[in-house]
Each structure stands twice: as C-alpha cells, then as structure tokens.
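Thanks for coming. I'll walk through one structure this morning, piece by piece, and the definitions will come along as they are needed.

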Amino acid sequence: MNNHGQLSSASDMSGAVMVVGGGVAGVQTALDLSGLGYKVYLLEKSGAIGGVMARLDKTFPTNDCSLCILAPKLVEAGRDPNIEILTKSELITLQGEPGRFRATVKKQPRYIDEEVCTGCGQCTLYCLKEIGDGYNENLEHTHAAHIDYAQAVPTSYHIDAKACLRLNYDTCGLCAVACQAKAIRFDDKEVTLEIPVGAVIMAPGFGRISKDIMAKYGWGRFKDVLSAFEHERLMCASGPTKGEILRPSDHQHPKKIAFLQCIGSRDETCGNNYCSSVCCMYAIKQASLAREHDPECEITLFYIDIRTHGKGFDAARERATRDNNFRVIYARPPKVENVLDGGLLLTWATEDGRHHYEKFDMVVLSQGLEAPDDAQDLARATGIDLNEYLFAQTDTYTPLATSRPGVYVIGAFQGPKDIPDSVTQAGGAAALCAGQLSAARGSETVKASFPEERDISSEEPRVGVFVCHCGINIGGVVDVPSVAAYAKDLPGVVYTTDNLYSCSQDTQGLLVETIHKHRLNRLVVAACTPRTHEPLFQATMRDAGLNRSLFEMANIRDQCSWVHMHEPEAATQKAKDAVRMAVAKALHLTALAEQELPVTPSALVIGGGLAGMTAALTIADQGFAVTLVERNTALGGQTLRLTADRHGNEPKKEIARLVARVRHHPRITVHSSAAVTGISGYVGNFTTTVAVEGASEVINHGVAVLAIGGRPYEPSQYLYGSSAKVLTQLDLEKRLAQKRPLPPSTKQVVMIQCVGSRGDDLSYCSRVCCGQALKNGIRLKTLQPDLRITILYRDMRSYGFMEDDYRTARQLGIIFSRYQVDNKPEVTAGRGKSSPVRVSYYDALLADRVEVAADMLVLSVGIVPEGPTVLAKMLKVAVTADHFFLEAHVKLQPVDLAVDGTYVCGLAHSPKSMDETIAQAQAAAGRACQPLAKGTITPAPIVSKVDPELCIGCGACEAFCPYKAIQIYKDGKVRRARTLTASCKGCGVCAARCPTMAIDMGRFTLDGIMAQIHAFAEG
Amino acid sequence: MSGQYSPKILGFLCNWCCYTAADSAGVGRYQYPPNLRVIRMMCTGRLDPSFPLEGLASGADAIFVGGCHPGECHYIDGNYHALVSAALVHETLARLGVNKERFLIDWASAAEGPNFVKIITRFTKQVAELGPLGVAEGGNPAELREKLRAAAETARGRKVRLGLINASKEMMKGGDFSRQTIAGLVTDKCAKALEALDTGAL
C-alpha cells in the first residue's frame, strides 16, 4: 500500500468486496458484509452455492439436518440485492491495492439463461446424455443438462459443456425443444469480467484426499469400502438410496460397520502431517445415524486419538458412544482386505502390541481435509503465500489476514476446521473488510425493496397450508401426505401441499406463486420450528405482498417427529393436531404495522483481555464508539501469563500493541477497575450502569459484546500445593521466561494431561492444554536436549497444524504414554521436601505399572469460565451446564447470543487458543456492528393494544409493565391506558392482568389463543 | 405406557425458555410421550387465568405451563405473574373438586432440553394414572366440564381479575415469589369473587 493511496480521499475507495467460494463460510461472510453495508460479488466455481455443507445429511453434535439450517442462508443470499452470485466463475488475477483492487474473473457459460430458467427440470428429463451426479458422489446419475441439487441457489439449471451432445457433436439439442421458457443458449460464451473491489475474502474450502491414499484402504478396489462423503449421501433422504444405508455390493443393510479414522491425515506417507480436525466428529455423527437407520447394526470406530475438543463435543461423543453401544478401538487405521466369502477383513495392532483381525460388512473411511486442488492457482491469482501444506499462510495474531494486505482467508483454506469455526471466521473477515473500507460503507449498496402490501382487511380468510417432509426428518416418522390431506378440510383452508424441503429457494418461489394464484391471505407452514425458520417464510410473504404477521408455523419436527421417532402413528396424529391449531389461530391473524426504531450507534465491550480488546478495536475501526469495561486495573487478561506461542513469539508483545492501540484509539473509552452493575434495554437501546472506583456511570449503547474470559483451573490433585516439584503449565511458562528456568539437577520431567478436565472436576475438554504441553515440552527439550520428558495423556488433541508440534516432540524424544480414565497416574511425595516426586502409571506396552522419579511434575489444567451468572441474569441470556454462555445456534450463529444485540467471544464462549480467540472476537465485532451500521431496527410488531372503549383506566397495566411501555393518560375527564409501541416487548402481562380484557397482543390475541384451545379440543 | 390411559395434555410454553428447551430436546433426539400439544406464547406472563380452565373445559385432561426459571424471565418478571394466574387456576380446581395435579406450572431454561423431557414424561405418567378428567374425580365428566367453562368465564370477569391485580401488586411489593405465598395472596384476594363457584349458582 503506498502512501498516496492511503492519503487520497475515500471517493475512489470501493465499497464492494469479492468473496471467492460459495460454501457456508463464503455465504455467511457475504451475508455479514451485506449486513454491514457492502456490496458483495460471491464467486462460486460450480453451478450453485452451498458447498460441502449442502452435501451433508446431518451436522455434529446436534444431528441437525444440514441443508435445513443452511438453506435459509442460501435463500437469503440469493434474494439479497447486494449480493451478486457469480456461478461457474473463477478469480484469475487481482491487481491494485487494498481499497482499490481490480479483480479479473472468468465466468464459464451455463448454456441456460439464469434469468429466464424457471427451474422446471424439463431439460434434464429430455437430456440424452447421462453423467455422474457429483452432488451424490457419483453414486447416481444425472444428465448433462441438470441442476446441482434440488434446493440449489440459484434455482437454475445448467449444461455440462464436456458432456453435452449438442455442444460437442452438434447433435441432439432436445433440451432446447423441451424448454418452454426458451432459456437454452447453446451459443453462450465464456466471459471475462473486470470488477473493482476494495477487499477480497478467500473461502474456497478444502480439497479431497487423493484416490491413491484412499485405495490403500481398499476404496475403489472393494465395493463395500466407502468414503465418508459417500456414506453421508447414503444416509441422506435426498441421496441415491433415498436415505437407506445399503452395501454397494449386494444392496443389503450392513450389520457390522467399521469407521477408520485419520485417512489422509496425520500421515507422513501422503504428506498430510496435520490433523484434519473434523473427522472424529463426523464419524461419530455418521455412526450414530447408521444406528438410527438400523438399531441392530454393530459399529466399531478405530481411532489413533479421539479428538472431540469442541464446545460440548466430548459430552455429545460420550452420549453417542453410550447410547449406541459403539466399540472404540485405539489403533492406527487397520489394513483392509477383501475375503472370498464376502465381507472385509480388517487387521490392526492395539497399543499393547497385540495384533487382531476381524470381518466387517462395510468400511467407512473418515477422509481428512486437504488444501483445495487449485490452491496454487488461487495463490498465484491473488498473490498470497501458502504454507507447506498448501493452505493459506496466516499468523497467530492476524489469523484471517493473508500475506497480501486487503486479502483475507476464512474456512478450511485457512486450516482444516469445522462449520462453527468457519462461520466464526466468516464474521471476523467481514468485520475486517468493513474496518478497512469503512469510508466507503454503503457507497455501492441498494435497499431491499418489497412489493406493496396487499390490504386484506376486508377479505375472508384464505389459508394456505404447506407441510414439510424435511427430507426424512419429518417424513421418516410423520405421514406427511396424510397431514396435508387432513389440512385440506380444515375451515378457511383453500390450498394445501407437501414439500420435500419447504425452506429451499425453489419452494420460496413456489410459495409466492401459490399465494398469488390462490389469493392466499394467511400462510401456515408445518415444519421445523418458528424459532429458526419463521423469518425466512415471513420474508417470502413480504415478497408475495403479504404482511409478515399473517404467518403461523406448526412445529412438527423439533417437537414432534424428532421426539416421537418410534411412534409414527402418534406423531402423525400430533402433527395433525398442531396443524389444526395453527390454522385455527391463523384465521384470527391480522396485518400489523411495522415500526422502525433508532439505534444508539455505539457498543459496550465487557472484558479487556485479548478477546475484549480485539473486539473493541474491530468495532472502533468500523467507525463506531466503544466503551470497554475491565474489572482489573490493567488491560491484557490471561494472555499475559503465556510467555511464548507455539512459534516462539511472545504474546505479551502483541498484548502491549493492542493495549497501546486501545488506549489511543479516538473512539474507544476504557473504564478499568470497573464493574457492570446493571444492564437494561434491548438491541439498539441498551442502558448500562458501570461502577468505576466508587462512582457510577451510565452508558447508552446499541449492542454489547461479552468477553469476560476465563481462568486456569486450580488443582488440588497430584500433590499440587504441597510439593515444590509440582507445578502447572502456566507456572512452567513463567519459569521458562526466567534466565535459568531449570535447576541443573533436573533430569526427568513428567506432564499429566486433563488434570481436572474431561469428567474430573470439569466435564469438558479445555482444548488448549495438549498444545500447551507440547509447546512447553519442546521448549524444555530445546533448552536441555538430554532432559527426559514423559507426557501422560488420554488423547493427544493436537488438532490442525498443531500436529506438527506433536511430531516434533516425538522426534525430540519426548515419551508419550496414554492413561485410561479408570487407571490414572498416581503421584507420591519423595522423602525430603526437595526430593523428586514419584509418578507411577500404567504402560500399555509393558502391561504393567511403571514408576519414575520426576524432578518436575507439570499438570496440564483446564480452563474455567469467569462466573457468567450475574451478567447472564441481567441480559436474560442462557449459559450452559458448564457455565459458558450459550450461543444462539451452535453451528450457524456461534457468536450471537439468543438476546438480539448481544454477542460473546473468547473464553466466555468456550476454551480456545489465541488465534481462535482473535478470530472469534473479530466475528463478534462484525455481528455487533450490523445493527449499528443499519442505524435502525424493526422489532416484531407483536405489541399490546388497548381498546379505549373497554379500558377503565385502573392503571394495573402501567403498574405491571416491566418496560414502562404502557401509560395512563387523560382523555378529557376519563383515564385511559395507551401503549408506547417503541418500548413494548410483547410479553403480554398487561393483557393477562387487565380487569376488563381491554388489552390484546399482536399475533398472540385472546381470540387466536382461544381458537387454538378450542381447536386442540377437536382432536 | 400400553394399556394405560393416554391423556390429552395442552401446554402453554414461553418462547424464550421452555419452547426453546422443547426444540432442543428434539435436536438432541430425546424421546418423550406424544401426549402434549403446544401453544407458543412470548412469555408465560401472557397466560390469562382463563386459558387453562378453558383448556380443561374443552377436553384436556391436564394443562402444562412452561416458562423460564424464577428470576430468569426474558421479560424480567412475567413468570411471577404467571404464578399468580396459576394460583387462581389451582384454587378454582380445588373448589370444583378437580384434582390439582391436572395443572402444572414448571420451568426449563433454553439449555435444558433433557429437563423439559423429564418434566413432560413425569407429568404425562402422573396424569395417565389419574385417568380421564372427571372419572378420577368421581363426578359426571360432562357436568364438570360445564363447571370449568363457567369458571373460565368467571376468570375473565372483572371481580376475579381485580383480585388478581391486588395479589400481583402485593407480590411485587413483598418480593416473596414462593408459590405458597402467592397462593395465599390469591386465595385471600379472590376468595369473594370465587364464592360463586362453590354455590349451586353454577
């Protein structure tokens, strides 16, 4: 970046960002950017956005339907006027400088006009050329003219140029005849686009493990060896077997399945030394679902280490293992052979050195994640550096920045990671772009517009009922067609149908069409839950010219098919009852006026550690005022206690840099030695009282970020506190920073992992302790190479590139020995105070307990969250059983709390490393700035309404309203109540207490609820 | 529960805690008896005292109200007001000779899917043991439902509601939100208005 560029006015700075890759990370970052006021060009190589997540059946740990939670985002991106989706497109070159890039994009022809295609599918039907269906891992066929998957966005077909008979041999052309819309364009040409953008976000996802590696384990050689992706498609209702898990060789249900972990990961022979970080989780998910499909199926999982280190992951794994009776074997991936009488013979060695063999019906290979196949092309095009594994090179303290300023990286291309971490990074990168381009915010965006609302006040109710199969999530239990048929005869219903996925983009189009065609004026969708999907359907209603309050949802998945899985008849009856009650309520719904409320354009950040300071800076850089509250006198938090990161840099230098920036930032006000004593209000209008050194200060802010952090667990185990030889990893860090870290007599160091964690005092895994032990072990070995170090562990959770440290540690001669939770190491004091402690542990290979004298025993203790209860109560947000704040959605809203306008990051969310904390803090800052950037909020119009004819002015409502949102006023001589709609939150206490039933609630009316009660009784 | 009576249970769940807990029970695939039908409300504070009575009058064997834990209401104190309405329902049931166990108000936070399942499983079992409304009570079910309908009407009447306002005011003033105290307040303030239920006036 040259100085002239920086100094020149913002007028030539672009307010647009290019996102390369349309998977969940790319789509999320596009939505976040749009929400922050930027135009987005979303590039996708294939014919549709959605990426790998669209191909998953379920997601770990909740076994939520993957497409169901993704589809609303795809639809939202598809209908956002500020997101331009460029499919079949690749970034070729990137010239210029941050703020003023010129991106050259090559867009391959679709041969079917996106604008004209209605998505009817006639072209596929008539197409003569069969090709493998990539969406279904080529386990099924599609045609040269096709759509990638049923819920694809854009909802438009395209032609595979390599396969098409007309394009290659000038024959056929049947699709052009079949297409009623006349959308086929055989003369479509590749185009090159020059697009000016201010920043670029790389989100190309990951590549597949090569076929050679897979073949080592029988894939491609033996029919019944499946890749995990293939198995995923077999599980899925929209997959090649309609959701039946069948052995490819004989189409029978396998009764004995083996899951092999670390295929193409942690494997020097294929160059992938790193851990892929997701396979342990998805294998447990797939194994659980295989059991769900066939409760008699026996499942064995082969692990090197079980790495379920994410928030709540250990608990989910333990429950799945227990409930499904999984057999878990610690072994390197077994050898796979075909045996003559059918079946697959697996041979493996266990940690006690013994060899085993056994026959299985089917084998699933948990393949790892690689850098994208075209990583080097991408690097060349954008001028960014790659690491040795061809992932984008990033730094611990700038985890989302590539080597080229203005180019960011998110998702698996930054390093193997799961969906929540990818979504988090998406939010973080959007915030960084918004900070970099804050001068150009809103310069290239347009406001979303909806057709004028139809006045339905004089119309008779005309209800449309849409019943969703949700793949097999609902349809596998509830008899969906019979529910739809039942709805047909309900009073007021003029139209009913059932859909495979009601939330897909094509269904939204269908909904709009149906509303127009049948002049519907109320909509009932029987599907998952209004908590996640109501906004999507309400937006569709607005597209159809209907007020969004004319919508009602029947929850027939989360509260029906999923909780009555073994009672299909009872579940079907319950679904019918739910639909009947929803329709009864819908008849009483009326259009409600929307209100826009102003937003106080500033943020409150609670906690001045790494997370809080990063969040504050990222918000302030976007142009908004921030108040940072820290309870200690100094900023910096727990990070100051780390004396080195895994690359040997000093974290305190980074903290010092952050503190200086925070202190000098014109838009950040710091209150240290301060405590939050009260928070009230709602998104856009919070009021917080802060006690600072005896005085109290009132702060008005629009949003709040909670970064209250955590602290180390305080051990009482293993003689900690009573022997000077026993210390924690943080104690060791401190020593390692001293001039003479080790007494010269030190010969043997022992480290014990999981002290207090994973079911000891704390039920969870603290994620960072394995990495810390490796780092400190390597530091010790570097200091004193002849030092003997033994690390006693349960599972070495050196996920991602941290696996390099594990390998280095072993190469340096550090000894690793696994202990079982029911056979923990034992520590006894030496004779004198300064004599070594004795550590005994069970050695699997020797099949006996061994004892070593440790000159130093280092305990790897976990992380405890700082007490969240007080804040949680003030804000009315939920915390988990482990006292971490509970995010709004574990997969797709990982930094949002359930209360709008509140966000969480850092250790208050869950244990995490520094780079993860920074990315999460940036994400929280990005999400937090969305209401601020928008400037107004539109709360749900579910407010109270007083009937002045019935009101007797008693004042009970005024007395009980928790928000002072209802007031008594004088109407001539009589007293009457009235609602201040801007303050009303819609709780309904006033209505429940009004002596004359003069108050009613929007959408939750007396008549509506009474209708639901009476409809309930009709069942 | 084969062979046992399968009761009809109507639930009023608040959006923020119990409804979310019910959803998360689904996400976790926790299984429970399929007897509950749910009406979503933003807050249990919306619970009109007549709703549960109307539900029982209309054919429910039992009513469940689920909200946030005391002190954790999304709207600050809506669930305390719900306890006032609940006390009136219990008082009414007692006066009509309906088993009080047919009405339950309980809490599950958004993070407590398994707790929700436990509550519903236990409640369903308990109501199944009671059997159909009226039968366990040893009266004429149809007559009982008529009385319940009249009681719902009474709960919508000005007299009872003024009593509830006074009870709510004293509860807020006193700051004691125990069920026992609230029940005492409601009995005290609404006794007169409820007298009609005891007499042959119905």
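Which strands does helix H15 of chain A lie across, and at about what angle does it run to E26(A)? Helix H15, residues 530–543, lies across E25 and E26 of chain A and runs at about 145° to E26(A). Angles here run from 0 to 180 degrees between N-to-C directions, with axes as lines fitted to C-alpha atoms, for helices over the stretch in contact. Helices (H or I, at least four residues) and strands (E, at least two) are DSSP runs, numbered from the N terminus.

Before going further, some housekeeping. This is a predicted model, in which local features need pLDDT of at least 70 and side-chain atom pairs count only at pLDDT 80 or more, while totals for chains, interfaces and linings use all residues. Residues are numbered from 1 along each chain as its sequence is written, and chains are lettered from A and ligands numbered from 1 in the order in which they are written.

Back to the sheet under that helix. Four strands of chain A form an open sheet in the order E24-E23-E25-E26, with parallel pairing. Two strands count as paired if DSSP finds at least two bridges between them. The edges are strand E24 (493–499) and strand E26 (551–555), each pairing on one side only. From one strand to the next, the twist averages 15°. Strand E25, residues 522–527 of chain A, pairs with E26(A) in the parallel sense over 5 bridges, and Leu523(A) stands opposite Phe551(A) in E26(A). Helix H17 of chain A, residues 568–586, lies across strand E23 (463–468), E24, E25 and E26, and runs at about 160° to E25(A).

There is another sheet in chain A to point out. Here 3 strands form an open sheet in the order E18-E19-E20, and the pairing is antiparallel. Strand E18 (335–338) and E20 of chain A stand at the edges with a single partner strand each, so one side of each has no neighbour in the sheet. Neighbouring strands are turned by 25° against each other on average, direction ignored. E18(A) and E19(A) are joined by 4 bridges, and Asn338(A) stands opposite Leu344(A) in E19(A). E19 (residues 344–349) and E20 (residues 355–360) of chain A pair over 6 bridges, with His356(A) as the bridge partner of Trp348(A). These two strands form a hairpin with 5 residues between them, and Gly353(A) in the turn has a positive phi of about 85°.

Now the core. What is the size of the largest nonpolar core, in residues? It has 393 residues, and those with the most contacts inside it are Cys433(A), Ala526(A), Val579(A) and Val705(A). Helix H24 of chain A, residues 914–934, gives the most to this core, with 11 residues. A nonpolar core is a set of buried Ala, Val, Leu, Ile, Met, Phe, Trp, Tyr and Cys residues joined through C-beta atoms within 7 Å. Buried means that 20 or more other C-beta atoms lie within 10 Å of the residue's own, exposed means 12 or fewer, and partly exposed is in between, with C-beta atoms placed from the backbone. Leaving aside neighbours within four places in sequence, Cys433(A) is in contact with Val17(A), Leu33(A), Tyr38(A), Ala199(A), Ile201(A) and Tyr408(A). Contact means C-beta atoms, placed from the backbone, within 7 Å.

One more residue from chain A: Val676(A), in strand E31 (residues 674–682). Val676(A) is buried, because 23 other C-beta atoms lie within 10 Å.

On to chain B. There are 7 helices and 4 strands in this chain, in the pattern β-α-β-α-β-α-β-α-α-α-α along the sequence. Buried residues make up 58% of its 202 residues. The C-alpha trace spans about 50 × 45 × 25 Å along its principal axes. Helix H1 of chain B, residues 18–27, is mostly covered, with 10 of its 10 residues buried. Arg29(B) follows H1(B) and has a positive phi, near 60°.

Finally, where the chains meet. How many residues of each chain are in contact with the other? The counts are 53 residues of chain A and 49 residues of chain B. On the chain A side, H27(A) gives the most, with 7 residues.

Conventions:
Two residues are in contact if their C-beta atoms, placed from the backbone, lie within 7 Å.
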